[in-house]
Amino acid sequence: MSDGTATTTTDLDVRLEKHRVELTGYCYRMLGSSFEAEDAVQDTMVRAWRSYDKFEGRSSLRSWLYRIATNVCLDMLTAGNKRARPMDLTESTPLAQAALSPRPDHTWLEPAPDTRVLPTTDDPAEAAVAKESVRLAFMAALQQLPPKQRAVLILREVLAWKASEAAELLGTSVASVNSALQRARATLAEQRQPGADAAVSDPLDEEQQKLLDRYVAAFEGYDMTALTELLHEDAIMTMPPFDLWLTGAGDITGFMTTMGAPCAGSRLVPVEVNGLPGFAQYKPDPEAGGFMPWAVQVLEISGGRITGFHCFLDTKRWFPLFGLPLHLEAEADEVEQGV
């Protein structure tokens, strides 16, 4: 390979990489899976690299990449798979009937680190729309749309593309795009997803930060009285890959002191996940000492209370994705106290 070709190749790699985060966010909204989104973007990059000599520049490189990514996602969605949250699949279970029944990984809407799906921007309004569009409730609503309607809604409402631009990308007419958008909006309006009222400012306001501080103190202290004060009376708790979900502070704290009792003494590490406040939960490791990874928690907040408490338990997948260690050492004072 000549020096000139090598330089061109390196330059193309750099230009493609500039779009990786926003493309991952787009594919994540389309697919509902962090890992499938990463695979889709990698496939997009490979296809773009291989066919770049056919790219004639009639559109921008960004538009061209979105066209490739859309086709990759539509191909992946042809099987009709749509990801869900526990409350999309079953009725809420009373604590007295609680049972932990797992479902396969491909069933579930997956969490995503903000850093992997939200590109940096200096526009506060643009940043707010981007965060709102990866929140769990909106993601769950997107999953109810047919794939092409999903693509149209994301392109038009999230990415603010013109109807003509979306039509060109999808190889269809402006009228078809407008019709798909209207149908998608109607479907979303009919489905009030649990968590849709989550009101989280960016950055967190003082009251929200105080609420989170109180939550950390209550959870790490396993103080159910304090936790009850923070939970909305209709708060929801989910625990994928289990399809069980609980409603109300009484059942949630009751579960935590019975089936969830081994989580007493846990430590919480803040994470930014799905445009919402979250924590990596480490519970005591009775064999190795210190703390072992247990869940990525995603919190929904509204009206000064926690309305959603979602725990994603597949730690071998999630903690590396978030760049989190798979073990925490106990602090010196905890070792002395035998914690």
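# Loops and helix packing in a predicted model

Ala160 sits in the loop that runs between helix H9 (147-158) and helix H10 (163-170). The structure described here is a predicted model. Although Ala160 is not a glycine, its phi is positive, at about 60°. With a relative accessibility of 60%, Ala160 counts as exposed, because exposed residues are those over 50%.

Tyr222 is another residue other than glycine with a positive phi, here near 50°. Tyr222 belongs to the loop between H12 and H13. Is Tyr222 buried or exposed? Its relative accessible area is 16%, so Tyr222 is buried, the cut-off being under 20%.

Pro241 is found in the loop between strand E1 (231-239) and strand E2 (242-247). The peptide bond that joins Pro240 and Pro241 is cis, with omega at about 20°. Thr107 is in the loop between helix H5 (86-89) and helix H6 (114-117). Thr107 has a relative accessibility of 14% and therefore counts as buried. Which residues does Thr107 touch, if those up to four places away in sequence are not counted? They are Lys82, Arg83, Ala84 and Leu89.

## Helix pairs

Two packed helices are described by the angle between their axes and the distance between the axes.

| Helix pair | Axes come within | Crossing angle |
|---|---|---|
| H2 (residues 20-31) and H3 | 8 Å | roughly 125° |
| H3 (residues 34-51) and H4 (residues 61-76) | 9 Å | roughly 130° |
| H10 and H11 (residues 174-190) | 8 Å | roughly 105° |

The pair H2 and H3 crosses at roughly 125°. H2 and H3 are therefore oblique to each other. The crossing of H2 past H3 is right-handed. On the H2 side the contact involves Arg20, Leu23, Thr24, Cys27, Tyr28 and Leu31, which meet Ser34, Glu36, Ala37, Glu38, Ala40, Val41, Gln42 and Met45 in H3. By class, this contact of H2 with H3 has eight nonpolar, three polar and three charged residues.

H3 also packs against H4, and the axes of H3 and H4 cross at roughly 130°. That angle makes H3 oblique to H4. The crossing of H3 and H4 is right-handed. H3 contributes Glu36, Ala40, Asp43, Thr44, Arg47, Ala48 and Ser51 to the contact, while H4 contributes Trp64, Leu65, Ile68, Ala69, Val72, Cys73, Asp75 and Met76. How many residues of the contact of H3 with H4 are nonpolar, polar and charged? The division is nine nonpolar, two polar and four charged. Glu36 and Ala40 of H3 are listed in the contact with H2 and in the contact with H4.

The axes of H10 and H11 cross at roughly 105°. H10 is thus roughly perpendicular to H11, because angles of 65 to 115 degrees are counted that way. Ala163, Ser164, Ala166 and Ala167 of H10 make the contact with Val174, Val177 and Asn178 of H11. The residues of the contact of H10 with H11 divide into five nonpolar, two polar and no charged.

## Helix H12 and its cover

Helix H12 (residues 206-220) has 15 residues. From its first C-alpha to its last, H12 reaches 21 Å, close to the 21 Å expected at 1.5 Å a residue. Which residues of H12 are buried? They are Gln208, Leu211, Leu212, Tyr215, Val216, Ala218 and Phe219. An α-helix has 3.6 residues a turn, so residues three or four places apart point the same way. Both helices and strands take part in covering the buried residues of H12. The cover includes helix H13 (224-230) and helix H14 (249-256), together with strand E3 (267-273), strand E4 (276-284), strand E5 (291-302) and strand E6 (305-312).

## Leu12 in helix H1

Leu12 lies in helix H1 (residues 3-17). Its relative accessible area is 7%, so Leu12 is buried. Apart from neighbours within four places in sequence, Leu12 is in contact with Trp49 and Tyr52. How far apart are Leu12 and Thr247 in sequence and in space? They are separated by 235 residues in sequence and by 51 Å in space, C-alpha to C-alpha.

Notes
Residues numbered from 1 in each chain as written. Predicted model: local features only at pLDDT ≥ 70, side-chain atom pairs only at ≥ 80, totals over all residues. Heavy atoms only, no water. Axes fitted to C-alpha atoms, helices over the stretch in contact; angles between N-to-C directions. Helix = DSSP H or I, 4+ residues; strand = E, 2+ residues; numbered from the N terminus. Parallel < 35°, antiparallel > 145°, perpendicular 65-115°, else oblique. Left-handed = near helix turned anticlockwise from the far one by under 90°. Contact = heavy atoms within 4.5 Å. Nonpolar A, V, L, I, M, F, W, Y, C, P; charged D, E, K, R; others polar. Expected span 1.5 Å × (residues − 1). Buried < 20%, exposed > 50% of the residue type's maximum accessible area, 1.4 Å probe, protein only.
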